[in-house]
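Here is a friendly briefing to read with the model open in your viewer. Shall we take a walk through its sheets, helices, domains and core?

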Amino acid sequence: MHVLIIGGGIGGLCLAQGLKRAGVSATVYERDAAPDARLQGYRLNIEPVGSRSLHSCLPPELWDRLIAASGDPGPGMGVFDERLRELMQERSNAGRTSPVESAHAVSRVALREILLDGVDVRFGKEFVRYEQLRGEVVAHFADGSTASGTLLVGADGSRSRVKRQLLPGAGQRDPAAFGVGGKLPLTPEADTWLPEVLTTNKNMILPRRDFLFTAAFRPRVGEGYLMWAFVAHSATYAGQEPHGFVLERSRQWHPDLRRLIAESGSVELFDFRAAAKVKPWVTTNVTLLGDAIHNMPPVGGLGGNTALRDASTLRDALTSGTPLIEAVRGYEAEMISYGFATVGEALMYLRLATVRSRLVRGAARGFFRLCSAMPPLRRAIFDG
Ligand SMILES: Cc1cc2nc3c(=O)[nH]c(=O)nc-3n(C[C@H](O)[C@H](O)[C@H](O)COP(=O)(O)OP(=O)(O)OC[C@H]3O[C@@H](n4cnc5c(N)ncnc54)[C@H](O)[C@@H]3O)c2cc1C
């Protein structure tokens with residue numbers, strides 16, 4: 001068996017590592033000209049599901065490197081109102097001792113370097129289309145070259161060309177949300193005025209309108225940063241300059257939150273599209289993983305974790321001894337079930353972030369306060 005993996009993102013590279021570890025031949029074809037061709041910006045929050053997948057796919061020395069490169073993800077998730085009054089603290093990370101069962105915060109650059117180590121990746125290979133010929137699959141690239149294999153895996157992200165050919169009817173949902181992200185370096189000066197809750201944990205800020213997510217990233221070595229993501233209903237945005245727009249919308253917020261936003265750089269817009277659920281299709285020797293099949297809004301930090309889960313699930317299926325098509329069918333059934341459930345979860349978070357009804361907002365804030373006052377309720381809802 002030889003596996004062609006289209007796309008050298010998190011999911012495609014994790015699959016390549018997992019296949020290599022299991023002794024299966026695989027080559028990754030990546031459109032970017034070189035590993036550092038694009039700034040791979042933000043930190044990635046790896047949840048236990050992502051940790052387990054990485055642990056099962058990476059050789060032990062790369063797993064150890066990953067843990068050494070990870071920062072402390074904080075005890076869990078804090079929920080605050082716009083004046084930084086606490087609504088709830090969820091601490092599901094605290095007390096987890098096994099790195100395999102824990103969350104980790106890792107820079108994308110570090111994760112990518114580790115995932116690229118030792119796998120066969122061809123850069124500058126933009127996939128254009130595939131052809132299925134007598135049990136083989138042939139990938140065609142923009143430079144006119146081709147590659148053939150037993151199985152082709154589309155891991156080419158949310159605008160996947162493999163998906164477009166395999167599932168031409170598959171659609172996207174526009175969740176009517178607008179997002180802007182920024183980063184503030186955690187310099188000694190910034191540490192003097194930033195509230196500790198912002199620099200040690202992930203937080204949801206739930207104002208009377210709109211929404212802010214913050215997460216601190218402190219690598220074990222070097223300077224970290226505090227990233228934020230502002231989310232609003234798209235009806236509130238009419239094409240203004242994004243940074244100024246967020247400052248305008250946050251006029252009534254706590255001065256430290258406003259200062260965080262004002263002094264941040266790397267401000268950019270986010271893509272909030274979500275894959276529409278796909279109808280089951282006839283399994284062949286072409287399949288999909290990660291954002292290529294179930295892209296979701298980046299709320300909740302779920303997309304990368306699900307791509308990693310896909311990679312280990314597909315690796316397990318392909319190395320189970322089951323005939324190829326049956327193995328791929330089993331993987332697709334499982335992946336579609338949890339993948340689209342996770343898209344639904346991300347959309348639910350996004351609805352909470354963009355809901356404009358004051359009544360619903362008030363109820364959501366009341367709900368977090370109630371969970372805070374009743375630890376068993378909080379644990380039942382949030383742990384795990
Ligand atoms: C701001 C932000 C923060 C996020 N934070 C988190 C988080 O904390 N935790 C989390 O789990 N998720 C997070 N996500 C989501 C996560 O980044 C994605 O879900 C994840 O990158 C998906 O991985 P993937 O391998 O499927 O696709 P990608 O990482 O998008 O990789 C696709 C690869 O395919 C390549 N490619 C595309 N087209 C072609 C082609 N035609 N030919 C060849 N190669 C091609 C691309 O260059 C790319 O390298 C975040 C997203 C954003 C935007």
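Strands E4 (residues 77–80) and E5 run antiparallel and are joined by four bridges. In that pairing, Phe-80 has Glu-86 of E5 as its bridge partner. Please keep in mind that this is a predicted model.

**The seven-stranded sheet**

- E4 and E5 belong to an open sheet of seven strands, ordered E5-E4-E14-E15-E16-E13-E17, with mixed pairing.
- Its edges are strand E5 (86–90) and strand E17 (265–270), each of which pairs on one side only.
- On average, and with direction ignored, neighbouring strands of this sheet are turned by 15° against each other.
- Helix H8 (residues 242–249) packs on this sheet, where H8 touches strand E13 (177–185), strand E16 (225–233) and E17.
- The direction of H8 makes about 90° with that of E17.
- Helix H13 (residues 358–373) also packs on the sheet, touching E4 and E5, and the direction of H13 makes about 55° with that of E5.

**H13 and its helix partner**

- Two packed helices are described by the angle between their axes and the distance between the axes.
- For H13 and helix H14 (residues 375–382), the angle is about 115° and the axes are 5 Å apart.
- H13 and H14 are therefore roughly perpendicular to each other.
- The residues that meet are Leu-370, Cys-371 and Ser-372 from H13 and Leu-377, Arg-378 and Ile-381 from H14.

- Ser-357 sits in the loop between H12 and H13.
- Is Ser-357 buried or exposed? Ser-357 counts as exposed because it has 9 C-beta neighbours inside 10 Å, and the cut-off for exposed is 12 or fewer.
- Ser-357 and Arg-159 are separated by 198 residues in sequence, and their C-alpha atoms are 33 Å apart in space.

**The five-stranded sheet**

- A further open sheet has five strands in the order E7-E2-E1-E11-E19, and here the pairing is parallel.
- At the edges are strand E7 (121–122) and strand E19 (286–288), each pairing on one side only.
- Strand E2 (residues 25–29) runs parallel to E7, and two bridges join them.
- Which residue of E7 is the bridge partner of Val-28? The partner is Val-121.
- Helix H1 (residues 10–21) packs on this sheet, touching strand E1 (2–6), E2 and strand E11 (151–154).
- The direction of H1 makes about 160° with that of E2.

**E11 and its neighbours**

- E1 and E11 run parallel and are joined by four bridges, and Ile-5 has Val-153 of E11 as its bridge partner.
- E11 also pairs with E19 in the parallel sense, over three bridges. In this pairing, Leu-152 stands opposite Val-286 of E19.
- Leu-151 and Val-153 point one way from E11, while Leu-152 and Gly-154 point the other way.

- The domain assignment gives domain 1 (2–72 + 103–173 + 274–352) and domain 2 (177–273 + 353–382).
- The C-alpha centres of domain 1 and domain 2 lie 29 Å apart.
- Across the contact, 21 residues of domain 1 touch 18 residues of domain 2.
- On the domain 1 side, the elements that give two or more residues are strand E3 (43–46), strand E6 (104–107), strand E12 (172–173) and H12.
- H12 supplies the largest share of that side, with four residues.

**The largest nonpolar core**

- The largest nonpolar core has 96 residues, and the members that touch the most others are Ile-5, Ile-6, Leu-15 and Leu-289.
- Helix H12 (residues 324–354) gives the most to this core, namely eight residues.
- Domain 1 and domain 2 both contribute residues to the core, so the core lies between them.
- Leaving aside residues up to four places away in sequence, Leu-15 touches Ile-5, Val-153, Ala-155, Leu-289, Ala-311, Leu-314 and Arg-315.

Technical notes:
Residues are numbered from 1 along each chain as its sequence is written. This is a predicted model: local features need pLDDT of at least 70, side-chain atom pairs count only at pLDDT 80 or more; totals for chains, interfaces and linings use all residues. A nonpolar core is a set of buried Ala, Val, Leu, Ile, Met, Phe, Trp, Tyr and Cys residues joined through C-beta atoms within 7 Å. A residue is buried if 20 or more other C-beta atoms lie within 10 Å of its own, exposed if 12 or fewer, and partly exposed in between; C-beta atoms are placed from the backbone. Domain bounds come from an automatic or database domain assignment. Two residues are in contact if their C-beta atoms, placed from the backbone, lie within 7 Å. Two strands pair if DSSP finds at least two bridges between them. Axes are lines fitted to C-alpha atoms, for helices over the stretch in contact, and angles run from 0 to 180 degrees between N-to-C directions. Angles under 35 degrees count as roughly parallel, over 145 as roughly antiparallel, 65 to 115 as roughly perpendicular and the rest as oblique.
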